[in-house]
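This briefing is meant to be read with the structure open beside it.

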Protein chains: 4
Amino acid sequence: MSKLHVGVIGASGYGGAELVRLLLRHPHVQVTAVSSHQYTGQTLASLYPGFQDVCDLTFVEQDEVIAKSDCVFAALPSGYSEPIAEACVQQGKKFIDLGADFRLKDADVYEQWYDHSFQNEKLHADAVYGLSEIYHDEIEQASVIGNPGCYPTSAALGCYPVLKNHWAKGMPIIIDSKSGVTGSGKKLTEGTHFPRTNEAFAPYKVGCHRHTPEIEQTLSGFAEEPVQVTFVPHLLPINRGIVSTIYLHCTKKVDLEQIHQLYVDTYADAPFVRVLDLGKTADLKFVKYSNYCDISLHMDEHTGMFIVVSCIDNMVKGAAGQAIQNMNIMYHFEEDAGLKGIAPSF
Amino acid sequence: MSKLHVGVIGASGYGGAELVRLLLRHPHVQVTAVSSHQYTGQTLASLYPGFQDVCDLTFVEQDEVIAKSDCVFAALPSGYSEPIAEACVQQGKKFIDLGADFRLKDADVYEQWYDHSFQNEKLHADAVYGLSEIYHDEIEQASVIGNPGCYPTSAALGCYPVLKNHWAKGMPIIIDSKSGVTGSGKKLTEGTHFPRTNEAFAPYKVGCHRHTPEIEQTLSGFAEEPVQVTFVPHLLPINRGIVSTIYLHCTKKVDLEQIHQLYVDTYADAPFVRVLDLGKTADLKFVKYSNYCDISLHMDEHTGMFIVVSCIDNMVKGAAGQAIQNMNIMYHFEEDAGLKGIAPSF
Amino acid sequence: MSKLHVGVIGASGYGGAELVRLLLRHPHVQVTAVSSHQYTGQTLASLYPGFQDVCDLTFVEQDEVIAKSDCVFAALPSGYSEPIAEACVQQGKKFIDLGADFRLKDADVYEQWYDHSFQNEKLHADAVYGLSEIYHDEIEQASVIGNPGCYPTSAALGCYPVLKNHWAKGMPIIIDSKSGVTGSGKKLTEGTHFPRTNEAFAPYKVGCHRHTPEIEQTLSGFAEEPVQVTFVPHLLPINRGIVSTIYLHCTKKVDLEQIHQLYVDTYADAPFVRVLDLGKTADLKFVKYSNYCDISLHMDEHTGMFIVVSCIDNMVKGAAGQAIQNMNIMYHFEEDAGLKGIAPSF
Amino acid sequence: MSKLHVGVIGASGYGGAELVRLLLRHPHVQVTAVSSHQYTGQTLASLYPGFQDVCDLTFVEQDEVIAKSDCVFAALPSGYSEPIAEACVQQGKKFIDLGADFRLKDADVYEQWYDHSFQNEKLHADAVYGLSEIYHDEIEQASVIGNPGCYPTSAALGCYPVLKNHWAKGMPIIIDSKSGVTGSGKKLTEGTHFPRTNEAFAPYKVGCHRHTPEIEQTLSGFAEEPVQVTFVPHLLPINRGIVSTIYLHCTKKVDLEQIHQLYVDTYADAPFVRVLDLGKTADLKFVKYSNYCDISLHMDEHTGMFIVVSCIDNMVKGAAGQAIQNMNIMYHFEEDAGLKGIAPSF
């Protein structure tokens, strides 16, 4: 079988570089070109020495990436993906965007949070939100995918079964998330300088993180009613992984065993969602460097609070891995092609 | 001025060793004896080499510690402190317990969570809960202090102003806490083995941690009505520090500026509570190795959720430092004697 | 093609569990059985939750592992592998030992450092030291492989070209190595308790580590004369990786460019040894979780000291990965089958 | 007693900020002014929130610092300290430079490594190298102190006894050092970005670090003959601390016990150098956040190599702490005034 030609625009950043790393192991694709605005002409291996001897790609212009690829990925700051999507659609190529440009459906909400506006509304209307487990059929048909954000992926997979079944109707939801530092990307900042970050811990953008509207859009879609969340992200002094501790109230009279059964049934066919046995607690340790989302369920009996713990690797299931999973769905590859590895336990 | 003679029972554990480290710098005390059940006859410096050349104390029996001290500290597993308290009271000495035995006032609740029962009820009735900022006057008069737990200290200081003033009446409270590994102590466990803990993160004892009843007892006392909390602790892969992210609803119609003013006013005279300016976020980085509790206040405007971030060093303000602060109050030393250091910022 | 049946004895420890993790991705093998003395009857996934849904193996007795496998791996404390090797040889199976029992050729040296003696001398005489790059042909013919230790692998690959070519004849060699904590294994110890290890650093077993005789045996074999080394290992507060900084003097009048060319030529056909360009410095970051050994070469011009920096992942190239590489050689699989992944760069 | 007025020029960097933190606890000094080129007009607490409520100093111009202080400290990049020293000497003030400008005595060597030249040679001739334990008497008389670099401090204290006594005459010395990331300072760099640095380890500037000539100048002074060293620094993924593993050969026929006795005797009166008992190994864990230098001594019996392990906190004994120790000596304070704390052990 001839291999699918894929390219990555914005491959010098963390999301793009991780994508290339994973794509190199994919049995059905060949990475034909990568681009980087800042590093054009340099090799990927010069930036990330782990690629030496394995990948001799040099960063080219993004037009060359599009020209050489059947399926184009982009991992760019917000505002840059629309013209790329347009070019791909015109040339009959598929486009998977790891950035934020195709995640939000409401133009006003997008503009409010990202300071850009939609130029081509139809493109956004046709784009599919790439939460692989939930929108599998739409993804299969899509030309443009807005790959979900890392926090929204962990939150959405954690809440889907109860919201979809209206077991938590009208209830406030609190999402207390903790993410490793790779979530902040490759850019140098005071907040990611080693001596500042190491042995530190704090929340940031309390109640005002850009992923809030994305989470609300997704959960509202599940619940078929407007859902509001209080979302507080925290920066963990580790490289990778997100744990979202989600607090909600079940309105339906069910016990934890029944909720657990609902989750197990809902994700029975999802190759990358593991609902842990009751009594166990999800830990990002066991999803790190893998495409798994581990979910554990808990009930605080004395307050009646239902607590979901949802763990992913922010760079894999929260970015590059899910993008590949979406490509697999779009091209009818096995859903886990190129994504079979499990977390190293130590 | 002759120095106060103090001794530490259980000085081989983390809480006790930290207490000795801090007491050695205290201008008004002399550490006269330390004990350890397991290491009797060995020196403190053999266990913790940092003490070499600075402290030549050898672990003795606990009776010798009591005999040689005016003020006795104990840092023991639950169930061991009652007879020590009894002996101290009989001999006219003061006793500060870093363990859990004198924290809970209700004998049934204590038995339910700690599997021990009160033998001498009067002792417990007379003991004072050593939350220094709130119970200053009672501490001043006390003979026996139950030093608060680490999580309860961060939670209580974070909630006190709004609860005391009935601004959050009848509302559910969620406390999502994250603690460094020293909170688990010196004992070797699978969960604190370096390769297991490092680059990992997860909650534990979700909704069923022993500190829950202590937090509820304290908050109920503030609110003068029964308060229930959903408390979820997490293990941070760092040595020290607790961040509690507290979610509650204000029932009183006040804005964030008014709440902030209330916190500022409430803690105006508290030398170790710093209410950060609005717009700033507390970080355990800036309290580590110090006795400070840093509190920042936030409002999620779109859901109306009021969020408190409360940070302490679990070993200092959450244990040994607060115990010394209580001693300072009991003996009319300056409240910050021996506790003046600030966090190293890096 | 039917898959090779492989089994792992001692799969509950770090070396064995890593081996299973890697073997699960190997295209030509099937893991048929795993054993653990301590956890017989339990699943691998109960011990290491990352295996959930991917591997449903239950620990069985070691005889069952041998019976069900064509190629048997063992990752056991020293002294346990000889009878397993014997059984394998009798039953015409191949055996790869990740422990120390078949590394040392001299019975007296083995007894001196490991407190066990050889029972079956022929077995040891026939066993091949599995340093894949150097002993490729012997490995191809071997029935029993003594897989090299982690430190010796990094040291030997770093020194081989100059010693083999007698460019550093008769010179003292200093090997200052630093290893991540997984090198100490799964066993709980004071020295690997998180709060003790984190933010700490020190050498250990200075000049008296068990890997010293193994290193000297290997380097002496290269040099065809007795080589002595001063070897000092240090414990790095990270999970994985070894950096060996090796100090030696070239006796041959060559400059750094010539030495570099020698290294490049020597390892031209080695798929997992990367000799970095002059001016670059090897970093364990870029070999972590991979089977690569990265080597950089340096000259301190003012003292004439030649310095080699050799980096590996102690659990992969230093243990499980090299064992698989040896299996690949023994069974004429591609040498990198199942080992193609590169280090995540972040 | 009225307090000594001290000021810190360059207090926004790590060295300067650490100096202020320590000086705030010093019983005999008052910090009267701090300066920062970049942050003039802002408060120290705005940069380092740990100072809030404890220190309300605002960064002023450096002339104001000099005017308000009897003793002036500077912690600046190389090349900026000479005019400050000149001003201090003219105004009869003492000056302690934490930078590199007054460390090297040879103008050519300084120019070669630092790209600046001496403007006022007499100033450099009169300046004293502030290695407190060794040059105590000269420091007592000095007006200008060149405070030693962090690596040179650990190396010099580790080698002094054997070199001073000519027990290692003419022998090559290898210094393999490992430093925490604070040694790189506050400036953002690719190499100190958290996801790059965390779980990584590598040497840097192999054989060509600027501290090499400083180490050689100091050791040559001890030995009274030219000493050359091979010095290789490594970056540890932790915040603080340096371990130097020093390899040398004793030319004098002495055993380890005799060498140990020499070290014990040499440092008998040094309050901050602890020579550990034979059999123990120095660990930066037990010097962190303290002014101690812990030294352990080892002999590799089979090669005759003598190995010294020397540990300090790079920011304290390697910078701010030693500067204060020098001030204490200059002003006849107790040598350990303001420096009494020991390392937290966890």
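**How the parts meet**

Between chain D and chain B there are 8 residue pairs in polar contact, both residues being at pLDDT 80 or more; a polar contact is a pair of N or O atoms within 3.5 Å, where within protein one atom must be able to donate a hydrogen and the other to accept it, and residues adjacent in sequence count only if both atoms are side-chain atoms. This is a predicted model, in which local features need pLDDT of at least 70 and side-chain atom pairs count only at pLDDT 80 or more, while totals for chains, interfaces and linings use all residues. Residues are numbered from 1 along each chain as its sequence is written, chains are lettered from A and ligands numbered from 1 in the order in which they are written, and side-chain values use heavy atoms, with hydrogens and water left out.

**Chain D and chain B**

- In this interface 32 residues of chain D are in contact with 32 residues of chain B, where contact means heavy atoms within 4.5 Å.
- The area buried between chain D and chain B is about 3,000 Å², of which carbon and sulfur atoms give 58%; buried area is the accessible area (1.4 Å probe) that two parts lose on being put together, summed over both.
- On the side of chain D, the residues that lose the most area to chain B are Arg25(D), Ile342(D) and Phe346(D), which together make up 27% of what that side buries.
- By class, the side of chain D that touches chain B has 16 nonpolar, 7 polar and 9 charged residues, where Ala, Val, Leu, Ile, Met, Phe, Trp, Tyr, Cys and Pro count as nonpolar, Asp, Glu, Lys and Arg as charged, and the others, Gly among them, as polar.

**Chain D and chain C**

- Here 47 residues of chain D are in contact with 47 residues of chain C, and the two chains bury about 3,600 Å² between them, 59% of it on carbon and sulfur atoms.
- Within chain D, Glu199(D), Phe201(D) and His302(D) lose the most area to chain C, and together they account for 18% of what that side buries.
- The rule finds 4 salt bridges across the interface of chain D and chain C; Asp283(C) and Arg196(D) meet through their side chains in a salt bridge, at 2.9 Å from N to O.
- The count of residue pairs in polar contact between chain D and chain C is 30, with both residues at pLDDT 80 or more.
- Several elements of chain D each supply at least two residues of the side that touches chain C, among them β8 (173-179), α9 (194-197) and α10 (211-223), while the largest share, 5 residues, comes from β10(D).
- The residues on the side of chain D that touches chain C divide into 23 nonpolar, 14 polar and 10 charged.

**How the copies are related**

- Two copies of a chain are related by a rotation about an axis and a shift along it.
- A rotation of 180 degrees with 0.0 Å of shift along its axis superposes chain D on chain C, with an RMSD of 0.0 Å, and the two copies are therefore related as by a two-fold rotation axis; copies are superposed by least squares on the C-alpha atoms of residues with pLDDT of at least 70 in both.
- Chain D is also superposed on chain B by a rotation of 180 degrees with 0.0 Å of shift along its axis (RMSD 0.0 Å), and in chain D the C-alpha nearest that axis is that of Glu199(D), 4.4 Å from it.

**The two domains of chain A**

- The domain assignment of chain A gives domain 1 (4-148 + 317-330) and domain 2 (150-314), with bounds that come from an automatic or database domain assignment.
- The C-alpha centres of domain 1 and domain 2 of chain A lie 24 Å apart, and 28 residues of domain 1 are in contact with 30 residues of domain 2.
- Between these domains of chain A there are 2 salt bridges, and Arg240(A) forms a salt bridge with Glu18(A), the closest N and O atoms being 2.9 Å apart.

Conventions: Helix = DSSP H or I, 4+ residues; strand = E, 2+ residues; numbered from the N terminus.
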